[in-house]
Amino acid sequence: GANGHLGPQPCLLNEKTQVMESNMAIKKDALESAGGFLGMELFGSRHMASGEVLYLLEKLRQNNGKIAFIPQAAVIHRMGTYSRQRFLQRGYWQGVSAGALDYLLHEHSWLISIRNIIRDTAAMLILFGMTIFFYLLLNQANVMFYLVRTVRRFSLVLTEMRITGDWNRIHSWVSARKQRI
């Protein structure tokens, strides 16, 4: 499965462990201490966002919560068939979500935001170059692989520049949260 790299035994996850968002169980008091579940709308789109679970997990960690992986917990996720357009849309919204998640967790200064924009633009150009390379080799699987990642970086850069994403909602949520603290 998606989290197979974590092994066959239940384990506590550390802050560096990467997990795929999936079926979860969270104690009510832990959920409330982390500020609750934000919902996908804050991360870009009601239909294709990601990042809200990663945000929640980070907030749980910041509140000294423990997060466990239990490989025996079964999750069945039916997605149907994905068209190329659906893959590209998913990549786009993942980039928007990643930009919003980074802002919500770190609230970077403009200087760091500019550094991130430059870094992610360079990565986008490299990924686009790889897309063209595999297109010329007529390797369609790798073309889609790199094209989706290029689109994700492109939307991440747009989000870091505050061109895309619901920034009014994000700023009002951050302001309201600061007032509660």
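Student: What pattern does the protein chain follow, read along the sequence? Please then look closely at helix α5.

Tutor: The model is a predicted one. Along the sequence, the protein chain runs β-α-α-β-α-α-α-α, a secondary structure of 6 helices and 2 strands.

Helix α5 covers residues 140-160, 21 residues in total. From its first C-alpha to its last, α5 reaches 30 Å, close to the 30 Å expected at 1.5 Å a residue. The buried residues of α5 include Val143, Met144, Tyr146, Val148 and Thr150. Further along α5, Ser155, Leu156, Val157, Leu158, Thr159 and Glu160 are buried as well. Just after α5, Arg162 has a positive phi of about 65 degrees.

The largest has 10 residues: Leu38, Tyr55, Ala100, Leu101, Tyr103, Leu104, Trp167, Ile170, Trp173 and Val174. Helices α3 (84-106) and α6 (167-180) each supply at least two residues of this core. Another core, of 9 residues, lies apart from it, and includes Ala34, Val53, Leu57 and Leu60. In soluble globular proteins, nonpolar side chains tend to be buried together.

Over the whole protein chain, 34% of the 181 residues are buried. Of the contacts between residues at least 6 apart in sequence, 74% join residues at least 24 apart. The accessible surface of the protein chain is about 11,800 Å², and 59% of that area belongs to carbon and sulfur atoms.

Notes. Residues are numbered from 1 along each chain as its sequence is written. This is a predicted model: local features need pLDDT of at least 70, side-chain atom pairs count only at pLDDT 80 or more; totals for chains, interfaces and linings use all residues. Side-chain values use heavy atoms; hydrogens and water are left out. A nonpolar core is a set of buried Ala, Val, Leu, Ile, Met, Phe, Trp, Tyr and Cys residues joined through side-chain atoms within 4.5 Å. Buried means under 20% relative accessible area, exposed over 50%, partly exposed in between (1.4 Å probe, protein chains only). Helices (H or I, at least four residues) and strands (E, at least two) are DSSP runs, numbered from the N terminus. The expected span of a helix is 1.5 Å times one less than its number of residues. Contact means heavy atoms within 4.5 Å. Accessible areas come from the Shrake-Rupley method with a 1.4 Å probe; for residues, only the protein chains shown count as cover.
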